Structures are given as structure tokens and as C-alpha cells.
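Let's take a walk through this structure together, from the overall fold down to individual side chains.

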Amino acid sequence: MRIQVERGSERASEAPRRFVLGDYTIEVDDLLDRWYSGEADYFRVRGGDGHLYVLKHVRDHDRWELTSFTRHGSRGTSFGTRMPRVLH
């Protein structure tokens, strides 16, 4: 799903600060993880709503996508592990 993302600066390496999902603007509270592939950067973040999101930035097209969502309080992909650590 395509989304609009605002970062702290125009640098490609800058982590997202907020993003628009439908009619909702979600503030990013914590950067939990980030990783890179050949064509994209990925950011796992906790939104101000408490949910976890994985945001994908396709560098060549400067396009953002929501690739994963985990509802606050669900076991989701963290089953059997402690809460994710915060990177910032």
C-alpha cells in the first residue's frame, strides 16, 4: 500500500518522522529497526498509536509503501520474544 512519508530532512538515510495512512497521520514514536536491500530501505517503527509498522522506501522511484502492520497488544511477529529495542 502506497503511503506519504515526512522525514526530518531530505537525506535518503533519514528515518521517517510521520506518515499518512488513508485519512490518518501517524507520528513515529520510535525507530525499532532498519535494513537495506538492493533497491529499497526498510524502517520498522512504532507509531504514536502504539502499533508497529514496516515502511519501505523504494529509492529509484522515491516511493514509500507500508509493507507490514502489527496491532498494538497482538503477539504478531514478536511471539516468544521480548519487546523490540529502540534504535534512536
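What follows goes from the strands to the core and then to the aromatic rings.

Keep in mind that this is a predicted model. Begin with the fold: 6 strands form a closed barrel in the order β1-β2-β3-β4-β5-β6, and their pairing is antiparallel. On average, and with direction ignored, neighbouring strands of this sheet are turned by 45 degrees against each other. As background, strands of a sheet pair through backbone hydrogen bonds, in either a parallel or an antiparallel sense.

Now turn to the nonpolar side chains. In soluble globular proteins, such side chains tend to be buried together. The largest nonpolar core of this model has 13 residues, and those with the most contacts inside it are I3, F19, L21, V45, Y53 and L55. Which elements give two or more residues to this core? They are β2 (16-21), β3 (24-36), β4 (40-47), β5 (52-58) and β6 (63-70). Of these, β3 gives the most, with 3 residues.

Leaving aside its neighbours within four places in sequence, V45 is in contact with F19, V28, D30, L31, L32, H51, L52, Y53 and L55. Three of those partners, F19, Y53 and L55, are also listed with V45 among the core residues with the most contacts.

The aromatic rings give another view of the model. A pair of such rings is described by the distance of the centres and the angle of the planes. The structure holds 4 aromatic pairs. In one of them, W35 and Y42 are stacked, at 5.4 Å centre to centre and with 5 degrees between the planes. Are these two residues buried or exposed? W35 counts as partly exposed because its relative accessibility is 34%, while Y42, with a relative accessible area of 15%, is buried.

F43 and W64 form a tilted pair, 5.7 Å centre to centre with 35 degrees between the planes. F43 lies in strand β4 and W64 in strand β6, so this pair ties together parts that are 21 residues apart in sequence. F43 counts as buried at 0% relative accessibility, and W64 counts as buried at 7%.

Finally, return to F19: ring pairs link F19, Y53 and F69 into a cluster. F19 and Y53 are among the residues with the most contacts inside the largest nonpolar core.

Notes: Residues are numbered from 1 along each chain as its sequence is written. This is a predicted model: local features need pLDDT of at least 70, side-chain atom pairs count only at pLDDT 80 or more; totals for chains, interfaces and linings use all residues. Side-chain values use heavy atoms; hydrogens and water are left out. A nonpolar core is a set of buried Ala, Val, Leu, Ile, Met, Phe, Trp, Tyr and Cys residues joined through side-chain atoms within 4.5 Å. Buried means under 20% relative accessible area, exposed over 50%, partly exposed in between (1.4 Å probe, protein chains only). Helices (H or I, at least four residues) and strands (E, at least two) are DSSP runs, numbered from the N terminus. Contact means heavy atoms within 4.5 Å. Two strands pair if DSSP finds at least two bridges between them. Axes are lines fitted to C-alpha atoms, for helices over the stretch in contact, and angles run from 0 to 180 degrees between N-to-C directions. Rings of Phe, Tyr and Trp (its six-membered ring) pair if their centres lie within 6.5 Å; planes under 30 degrees apart count as stacked, over 60 as edge-to-face and the rest as tilted.
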